[in-house]
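Subject: Structure handover and findings

Hello,

Here is the structure I said I would pass on.

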Amino acid sequence: MTALPPDTPRKLGLVIDLDTCVGCHACVISCKGWNTENYGAPLSDQRPYGPDPSGTFLNRVHSYEVQPEDGAAQLVHFPKSCLHCEDAPCVTVCPTGASYKRAEDGIVLVNGSDCIGCGLCAWACPYGAREMDAEEGVMKKCTLCVDRIYNENLPEVDRVPACVRTCPAGARHFGDFADPDSHVSQLTAERGGFDLMPEQGTKPVNKYLPPRPRDTLGQGEQTDILAPFLDTPMTEQRGFVAWLDRALSKV
């Protein structure tokens, strides 16, 4: 079995803002594209244009309708990938040492050449964050784009995971949680960032920011912040539309 490092000087990970994620799946596509074309073996697809398509993805977005105790129901988009846990059970259960946690930055990776495809790590992961590549026969997972974040040939602005660089809503943030002054640490503290399923005891590095409560005007009425900027709807038809309405009314 594989041993975990006792501690890591850096704890690189993601903060995902559930309040601003719009569920556009741009992070899913960029992750698939970058990891297929650059790091490691391609992420295969099976029957992509058939009636029952399947494929390997390192990042997925699930959508849930949530009903608060007060107010209208909310649609929450929930991105999910490897959380790079401090006490990663997927690492300690691996019989070949293919799954390992880097001592220098805490990133959990899989060495494909040592993976035998037994699937024990997938059984051990409580988050369902690992995927078996059906074509390669090995387990794959989020790498935090380790080939990007340390690549000095890229502009500094691009030295972040592909999903973070692509997100149009700015819902994904990358940084070092071991540094209390880092952007991700401060954002987590300010917004009440939380662990996913903390009862599992895995100590996930990635954090989620909860959706903000909606503003209300009382009596359950939702505040429409765009209302002052919208034109008054046309109450009287004019021009061609009015002529067409009169003509059709005579038919």
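Overall

Please keep in mind that this is a predicted model. The protein has 251 residues, and 40% of them count as buried. Its secondary structure consists of seven helices and eleven strands. Among contacts with a separation of 6 or more, 59% are between residues 24 or more positions apart. The accessible surface is about 14,600 Å², and carbon and sulfur atoms contribute 54% of that.

Cores

The largest nonpolar core holds 38 residues, and the members that touch the most others are Ile-107, Tyr-127, Leu-144, Phe-174 and Tyr-208. Elements giving two or more residues to this core include strand 1 (12-17), helix 1 (26-37), strand 5 (74-80) and helix 5 (162-166). Another core lies apart from it and has six residues, among them Val-15, Phe-177, Val-205 and Leu-209.

Surface patch

On the surface, Phe-240, Trp-243, Leu-244 and Leu-248 make up a nonpolar patch, and together they have about 460 Å² of accessible area. Phe-240 belongs to helix 7 (residues 239-249). With a relative accessible area of 58%, Phe-240 is exposed.

Salt bridges

The whole structure contains twelve salt bridges. One of them pairs Arg-212 with Asp-19, with the closest N and O atoms 2.6 Å apart. Arg-212 sits in the loop between strand 11 and helix 7, and Asp-19 in the loop between strand 1 and helix 1, so this pair ties together parts that are 193 residues apart in sequence. Both partners are partly exposed: Arg-212 has a relative accessible area of 42%, and Asp-19 has 29%.

Arg-102 takes part in two of the pairs described here. It meets Glu-104 in a salt bridge at 3.3 Å, N to O, and Asp-105 in another at 2.9 Å. Because these salt bridges share partners, Arg-102, Glu-104 and Asp-105 form one network. Glu-104 is partly exposed at 43% relative accessibility. Arg-102 is buried at 17%, and Asp-105 is buried at 0%.

Buried polar and charged side chains

Thr-8 comes in the segment before strand 1 and is buried, at 8% relative accessibility. A polar atom of its side chain is 2.9 Å from the backbone oxygen of Arg-10. Not counting residues up to four places away in sequence, Thr-8 touches Arg-102, Ala-103, Asp-105 and Gly-106.

Arg-191 is part of helix 6 (residues 183-191). Its relative accessibility of 16% makes it buried. A polar atom of the Arg-191 side chain lies 3.0 Å from the backbone oxygen of Pro-210. With neighbours within four places in sequence set aside, the contacts of Arg-191 are Asp-17, Asp-19, Leu-209, Pro-210 and Arg-212.

Asn-206 lies in the loop between helix 6 and strand 11 (207-209), and it is buried with a relative accessible area of 2%. Its C-alpha atom is 8.4 Å from that of Leu-12, although the two residues are 194 residues apart along the chain. A polar atom of the Asn-206 side chain is 3.2 Å from the backbone oxygen of Cys-82.

Backbone points to check

Two residues other than glycine have positive phi values. For His-25, phi is near 70°; this residue lies in the loop between strand 1 and helix 1 and is partly exposed at 31% relative accessibility. For Arg-47, phi is about 50°. Arg-47 is in the loop between strand 2 (45-46) and strand 3 (54-55), and its relative accessible area of 46% puts it among the partly exposed residues.

Regards

Conventions: Residues numbered from 1 in each chain as written. Predicted model: local features only at pLDDT ≥ 70, side-chain atom pairs only at ≥ 80, totals over all residues. Heavy atoms only, no water. Core = buried A, V, L, I, M, F, W, Y, C linked by side-chain atoms within 4.5 Å. Buried < 20%, exposed > 50% of the residue type's maximum accessible area, 1.4 Å probe, protein only. Helix = DSSP H or I, 4+ residues; strand = E, 2+ residues; numbered from the N terminus. Patch = residues over 30% accessible without salt bridge, like charges linked within 9 Å, V, L, I, M, F, W, Y side chains within 5 Å. Areas by Shrake-Rupley, 256 points an atom, 1.4 Å probe, with all protein chains shown as cover. Salt bridge = Lys/Arg side-chain N within 4 Å of Asp/Glu carboxyl O. Contact = heavy atoms within 4.5 Å. Polar contact = N/O pair within 3.5 Å; in protein donor to acceptor, adjacent residues only side chain to side chain.
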